[in-house]
Amino acid sequence: MIKIGFWKRRRHHLDKMTLKELTVAYFQYYAIQAYIVVAIAGYAYALSSGAPIGPLLLTGLASALIYPLAWYGIHRFILHGNWLAKSPLTAPVWKRIHYDHHQDPHDLHILFGALYTTLPTVAAATMPVGYVLAGWPGAAFGLATGAVITCFYEFCHCIEHLSYKPKNPILARMKQQHMAHHFHNEQGNFGITNFMWDRLFGTLYTNANRPPKSATVFNLGYDEGMASRYPWVAKLSGGVDTGTPRDRRQREAA
């Protein structure tokens, strides 16, 4: 990864950043730039192919509906299943794409999804239905729509971790529910930007019905006992840290 502009610095924490700084960082990040290129290329190919516009628009709508369900399933059963930590082949991936994010939820360097995992996932979720509806132009249109939604998702996710109170009530509620996922109980509110599937599958909680505070909200269950059997994440992390993100930063600053 080539680090340019904002990203030349080693660490950035969203709870210490402004909205303007976030916007600059967002558009300079290589994965966001890649999604934008994929979206432009996909739409350009699909719309210049001569394919009927109706099936293409239907593909876009289907992609917009499939994306939140796919993300809910990935977040709940893969990222929070912690079974990826049980193999030396997949432990580094799990550490990068979710364990580190819960260890320090406001660290911008590990907040964005890793491109080598996100782009294939977006393609798998959106291209098949696009191909069925409109052939290869439909597949390209679906992928482009998935890339646009990913850009929206990543920016909203950043806002949820930013030291900033959204004026929009919908965004403010999203932020509240996502912060509860990170700082109260990680076994709920998996949706990030769309909590419809949490509501449908019974994993949505608010201040009115929230479950007890989870002891594993920062380590996802990867404790000393698990590390003794599956040591790869601990080796990559320099040990098992059972403290809070604030404890960790204070030790790093000392």
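1. Thr-206 counts as partly exposed, because its relative accessibility is 34%; buried means under 20% relative accessible area, exposed over 50%, and partly exposed in between (1.4 Å probe, protein chains only). Thr-206 lies in the loop between helix 7 and helix 8; helices (H or I, at least four residues) and strands (E, at least two) are DSSP runs, numbered from the N terminus. Between the C-alpha atoms of Thr-206 and Thr-244, which are 38 residues apart along the chain, the separation is 22 Å.

2. On the basis of the note: this is a predicted model, in which local features need pLDDT of at least 70 and side-chain atom pairs count only at pLDDT 80 or more, whereas totals for chains, interfaces and linings use all residues. Residues are numbered from 1 along each chain as its sequence is written, and side-chain values use heavy atoms, with hydrogens and water left out.

3. Gln-177 belongs to helix 6. Is this residue, Gln-177, buried or exposed? Gln-177 counts as buried because its relative accessibility is 8%. Not counting residues up to four places away in sequence, Gln-177 touches Asn-189, Phe-195, Leu-204, Tyr-205 and Thr-206, where contact means heavy atoms within 4.5 Å. The partly exposed Thr-206 is thus among the residues that Gln-177 touches.

4. The secondary structure of the protein chain consists of 10 helices and zero strands. Read from the N terminus on, the order of elements is α-α-α-α-α-α-α-α-α-α.

5. The C-alpha trace of the protein chain spans about 60 × 45 × 45 Å along its principal axes. Residues 24 or more positions apart account for 68% of the contacts in the protein chain with a separation of 6 or more.

6. Of the 254 residues of the protein chain, 50% count as buried. The protein chain exposes about 12700 Å², of which carbon and sulfur atoms supply 65%; accessible areas come from the Shrake-Rupley method with a 1.4 Å probe, and for residues only the protein chains shown count as cover.

7. The protein chain has 24 positive and 14 negative charges, and their mean positions are 4 Å apart. Lys and Arg count as positive and Asp and Glu as negative, with His and the chain ends not counted. The place of a charge is taken as NZ of Lys, CZ of Arg, CG of Asp or CD of Glu.

8. The largest nonpolar core has 38 residues, and those with the most contacts inside it are Leu-14, Leu-22, Tyr-35, Leu-108 and Phe-112. Two or more residues of this core come from each of helix 1 (19-28), helix 2 (30-48), helix 3 (53-79), helix 5 (115-161) and helix 6 (169-183). Helix 5 gives the most to this core, with 11 residues. A second, separate core has 12 residues, including Tyr-99, Met-226, Val-233 and Ala-234. A nonpolar core is a set of buried Ala, Val, Leu, Ile, Met, Phe, Trp, Tyr and Cys residues joined through side-chain atoms within 4.5 Å.

9. Leu-56 is placed in helix 3 and is buried, because its relative accessible area is 0%. Leaving aside neighbours within four places in sequence, Leu-56 is in contact with Ala-46, Leu-47, Ala-51, Ala-134, Pro-137, Gly-138 and Phe-141.

10. In helix 5, Ala-124 is exposed, because its relative accessible area is 55%. The C-alpha atoms of Ala-124 and Ala-253, 129 residues apart along the chain, are separated by 42 Å.

11. Most residues other than glycine have a negative phi. Phi of Asn-82 is near 50°, a positive value, and phi of Leu-220 is near 55°, also a positive value. Asn-82 is in the loop between helix 3 and helix 4 (91-103), and Leu-220 is in the loop between helix 7 (196-201) and helix 8 (224-229). Asn-82 is buried, with a relative accessible area of 13%, and Leu-220 is buried, with 6%. Not counting residues up to four places away in sequence, Asn-82 touches Trp-94, Leu-220, Gly-221 and Met-226.
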